[in-house]
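Hi,

Here's the structure I promised to send over. Have a look at it first, and my notes on what turned up are just below.

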Amino acid sequence: MTDWYNEDLAYIHDVGYRDYALKSMPGILEILQHDNISTGLIIDLGCGSGLSTEILDRNGYQVLGIDISGAMIEIAKTRVSAAEFRVESLFTAEIPPCAAVISIGECLNYLFDANSDAILDALFHRIYNALPIGGTFIFDAVIPGQVRPGEIVKSFTEGQDWIVLLEKQEDLEQQILTRRIITLRQVGDLYRRTDEVHRQRLFNAQLLSEALGKIGFQVEMRDRYGQFSLPPARVAFIARKPTGIM
Ligand SMILES: C[S@@+](CC[C@H](N)C(=O)[O-])C[C@H]1O[C@@H](n2cnc3c(N)ncnc32)[C@H](O)[C@@H]1O
């Protein structure tokens, strides 16, 4: 068991924060179709509760979902019985040969376990080597700008049987976004409280694009997946392993 996305936050993310994945997927399917990837294995890094995995499965792909949160994977397994799931860090996971890799919802930013330029670079290499020529790696990442420098933003969101209290701030010197998350989930007549602190690296999109380019990817950066405009301070990357025909 990890300290992040434990049972209650995993449940709340699944029921209350599903829009990001659900609205991203039509645009991601369009990219896959555009790149002539209509069958084969797709690896869903940071698959969470399997919302994107399920859509890939329904569209005829084989899917391997990887997430560091056991509670998220428990939900994912009940959602998509045909997919394979692994509880492990995407930063150290073996990436088997596949048609495409996706990672939705800023999974590469998290500092739950070791995350550095060298670790990211090694992951990009593993993904590049796992993809066939013409294969595609699609992901989105957080960049600075969700919170004004020096500001601490507090907010809350509520659902039928849960409340999330959120406090976030950016440290631009360290390039880190910190989110303090308090969840209250109804259990019988009472509400159970849990606390999590999520720290994320804030990327420089241009440097990330250059790192992918050095490995051999052709990189496109977008502010949307299809019709879905990403929330502020997020960038989508479409990194293609070139066919050699220019
Ligand atoms: C914002 S959620 C997005 C989940 C899912 N992709 C979605 O869009 O619904 C971020 C996910 O990244 C996962 N994650 C964060 N760091 C990870 C790591 N090092 N390895 C694997 N998963 C990680 C979290 O456990 C969480 O499920």
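There are twelve aromatic pairs in this one, which is a predicted model.

Start with Tyr5 and Tyr110, which sit edge-to-face, 6.2 Å centre to centre with 70° between the planes. That pair links distant parts of the chain: Tyr5 is in the segment before α1 (7-16), while Tyr110 is in the loop between β4 (100-103) and α5, 105 residues apart. Both Tyr5 and Tyr110 are buried.

Then there's Phe137 with Phe217, a tilted pair at 6.2 Å centre to centre and 45° between the planes. Phe137 belongs to strand β5 (residues 136-142) and Phe217 to the loop between α6 and β10 (218-222), so this pair ties together parts that are 80 residues apart in sequence. Phe137 is buried, with a relative accessible area of 0%, and Phe217 counts as buried too, at 4%. Both rings also belong to an aromatic cluster made up of Phe124, Tyr128, Phe137, Phe139, Phe217 and Phe237.

On to the helices. The axes of α5 (residues 117-130) and α6 (residues 205-215) come within 10 Å and cross at roughly 45°, so the two are oblique to each other. The crossing of α5 and α6 is right-handed. From α5, Leu120, Asp121, Phe124, His125 and Tyr128 meet Leu208, Ala211, Leu212 and Ile215 of α6. Sorted by type, the residues of that contact are seven nonpolar, one polar and one charged.

Cheers

Definitions and conventions:
Residues numbered from 1 in each chain as written. Predicted model: local features only at pLDDT ≥ 70, side-chain atom pairs only at ≥ 80, totals over all residues. Heavy atoms only, no water. Axes fitted to C-alpha atoms, helices over the stretch in contact; angles between N-to-C directions. Helix = DSSP H or I, 4+ residues; strand = E, 2+ residues; numbered from the N terminus. Parallel < 35°, antiparallel > 145°, perpendicular 65-115°, else oblique. Left-handed = near helix turned anticlockwise from the far one by under 90°. Contact = heavy atoms within 4.5 Å. Nonpolar A, V, L, I, M, F, W, Y, C, P; charged D, E, K, R; others polar. Phe/Tyr/Trp six-rings, centres within 6.5 Å; stacked < 30°, edge-to-face > 60°. Buried < 20%, exposed > 50% of the residue type's maximum accessible area, 1.4 Å probe, protein only.
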